[in-house]
Amino acid sequence: MIHGPTMTNWEVTARRKRESVQNAIPEEWLVPDINKRMTEAGYINSKLYIDTLVPSQEKKITDCTVLELSAKISAGQLSSWDVCNAFCHRAALAHQLLNCCVEIFFYRALDKARELDEIFARTGKTVGPFHGIPISLKDQLNIPGIDTTIGYVGYVDIQAKKQSLLASILEKNGALFYVKTTVPMAMMAPETVSNLMGVTLNGVNSRFSSGGSSGGEGALIAARGSLLGLGTDIGGSIRIPAAFQGLYALRPSHGRISYMDVANSYVGQEVVPSVIGPLATSLEDIELLTKTVVESEAWKLDPKVVPIPWRDMSHLRKEKLRFAVMWWDGMVMVHPPVTRALSKVVNALTGAGHEIIEYDFDHHKAVLNLATKAFTADHGKEIEEVCNLSGEPFVEAIKPLVGYDPNEPPISVEEWWAIGESKSHLREKFFKYWQDTAKQFSDGKMIDAILCPVWPSAGFKKDDGNYAAINYTVPFNILDCPSVILPVTLSDKMIDLPNDTYVPVDDFDEKIHNYYDPNEFHGMPVCIQIVCRKFEEEKALTITSIAANLIA
């Protein structure tokens with residue numbers, strides 16, 4: 001008798017966790033060999049394939065925006081239960097295709113939906129702007145009675161006892177929680193892979209990575225298993241999955257949206273603090289969530305939230321705006337589709353009378369180097385310690401970002417203080433640069449926003465994480481600027497031809513440059529970032545709306 005290899009304890013636990021997620025899906029929603037069927041049907045886009053599997057009424061629901069669904073629920077045209085059921089069904093299919101959920105608790109959401117329907121039937125009113133709207137949660141937000149594993153096998157079966165303040169705010173406004181989405185080990189990678197759940201695939205193209213660390217959110221929303229979800233960002237973890245899957249997203253300033261009782265790695269590390277923000281299929285839904293949360297006045301409960309009320313920036317729609325455009329950072333050249341996306345936005349803005357200058361902040365490389373020092377400060381010791389809880393190995397994709405070296409001790413307190421001091425100096429220089437841009441305009445006003453890439457390419461293929469380049473996201477974590485992701489176009493093999501005349505500046509630049517294949521990237525979404533100064537979330541969202549309307 002031939003026996004297979006004996007599994008270790010951590011492998012048994014991980015398999016049990018994956019099976020428990022699968023078992024949480026109602027039997028009638030399970031599709032055997034679903035990935036094979038999708039491939040045989042000629043699909044690589046999970047949304048388009050799922051459209052063929054669900055009833056037409058469910059598709060009509062999931063094709064709406066949150067604002068549209070909210071209006072229909074308020075008018076009594078749709079019940080909360082029907083909306084919730086449609087998204088639960090679609091999330092079940094999306095998970096089977098993309099491996100994007102780490103927790104599934106449909107029964108809780110559907111029970112809550114029934115309660116909301118009873119309230120509406122009795123009062124004729126909704127409880128808030130998200131009444132009956134399912135909102136997905138990255139596996140950092142705590143829901144009592146549900147695991148928060150943050151990509152570790154060692155955290156399986158450790159259920160949260162306290163709910164994250166942000167989740168409570170949304171729940172009070174009628175939101176339904178039904179899934180938590182996958183993350184890489186410790187959330188410290190721009191791709192979503194862990195020993196616990198494996199790899200999460202891209203919702204637009206299953207041959208590509210979903211990005212990370214909010215990769216489960218990006219994949220689920222791209223498949224329309226959710227319209228609106230929450231991610232976190234310490235180096236691009238909201239923006240990267242959004243860009244890879246053509247979604248809108250907001251990376252807010254630190255202290256604008258409550259992080260209270262949200263699980264995290266490197267708790268207490270505040271040189272490069274993680275922030276929490278939304279990803280969605282609609283910019284208006286991003287604004288709705290942000291406005292609702294700000295207006296909840298979370299600063300009364302969370303001392304880290306700044307007491308800045310929501311500000312109306314609609315007056316910007318009638319004004320001439322000024323932008324600095326970063327075509328590339330001088331270190332990693334972007335691929336042709338990214339340049340075309342930037343050009344499309346720049347041309348639309350200048351055509352509407354807005355002004356553009358070149359972005360030329362001289363300290364970009366220093367900002368990146370500082371981020372590297374912060375991320376590698378303990379050389380992966382914390383992650384190694386948590387891995388030891390279960391005996392699971394350190395995931396390879398995580399090692400480069402945290403500078404994993406078991407033989408290298410963490411840096412000293414004095415070295416950590418020096419990193420903090422350097423960050424302050426760089427932010428001061430950036431603030432001065434922003435002010436000095438006023439000298440380049442005849443009216444003496446400084447730029448309103450920066451236009452720049454999110455990533456040098458339109459994503460990267462599954463298992464190609466060695467092509468990760470966070471050059472365009474990390475700087476705005478160090479500088480703590482709000483950034484909105486704007487989907488602009490799709491990569492087109494007939495238009496976006498390789499630039500054969502470009503001479504790379506170093507080996508890594510050459511590696512990224514040579515990675516571009518028009519056929520492989522054809523049809524992939526291309527997004528840009530619109531960046532404003534610290535605490536200017538409302539301005540960033542309004543300016544993005546202006547740009548979106550111009551390129552529509």
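Ala, Val, Leu, Ile, Met, Phe, Trp, Tyr, Cys and Pro count here as nonpolar, Asp, Glu, Lys and Arg as charged, and the others, Gly among them, as polar. Keep those classes at hand as you open this predicted model, where local features need pLDDT of at least 70, side-chain atom pairs count only at pLDDT 80 or more, and totals for chains, interfaces and linings use all residues. Residues are numbered from 1 along each chain as its sequence is written, and side-chain values use heavy atoms, with hydrogens and water left out.

**Stop one: the largest pocket**

Select Leu401, Ala468, Ala469, Ile470 and Phe508, the closest to the centre of the largest pocket among its 25 lining residues. A pocket is an open set of points on a 1 Å grid over the protein atoms alone where a 1.4 Å probe fits, with protein on both sides within 12 Å along at least five of seven lines; lining residues have an atom within 4 Å of a point. This one holds about 590 Å³ of space, a volume being the space filled by probe spheres set on the points.

Next, colour helices H13 (364-375), H15 (399-402) and H18 (507-515), which each give two or more residues to the lining; helices (H or I, at least four residues) and strands (E, at least two) are DSSP runs, numbered from the N terminus. H13 makes the largest contribution, 6 residues. By class, expect 14 nonpolar, 6 polar and 5 charged residues.

**Stop two: the second largest pocket**

Move to Tyr259, Asn264, Gly268, Ser274 and Lys304, which lie nearest the centre of a pocket lined by 35 residues. About 460 Å³ of space lies here. Strands E6 (228-233) and E8 (275-280) each supply at least two lining residues, and the lining has 16 nonpolar, 13 polar and 6 charged residues.

**Stop three: the core**

Now show Phe130, Ile135, Leu170, Ile383, Leu451 and Leu486, which touch the most other members of the largest nonpolar core, a set of 167 residues. Such a core joins buried Ala, Val, Leu, Ile, Met, Phe, Trp, Tyr and Cys residues through side-chain atoms within 4.5 Å, buried meaning under 20% relative accessible area (1.4 Å probe, protein chains only). Helix H6 (residues 80-98) gives the most, with 11 residues.

Zoom in on Phe130: beyond four places in sequence, its contacts (heavy atoms within 4.5 Å) include Val66, Leu228 and Thr292.

**Last stop: Asn205**

Leaving aside neighbours within four places in sequence, Asn205 is in contact with Ile44 and Met524.

Notes: Buried < 20%, exposed > 50% of the residue type's maximum accessible area, 1.4 Å probe, protein only.
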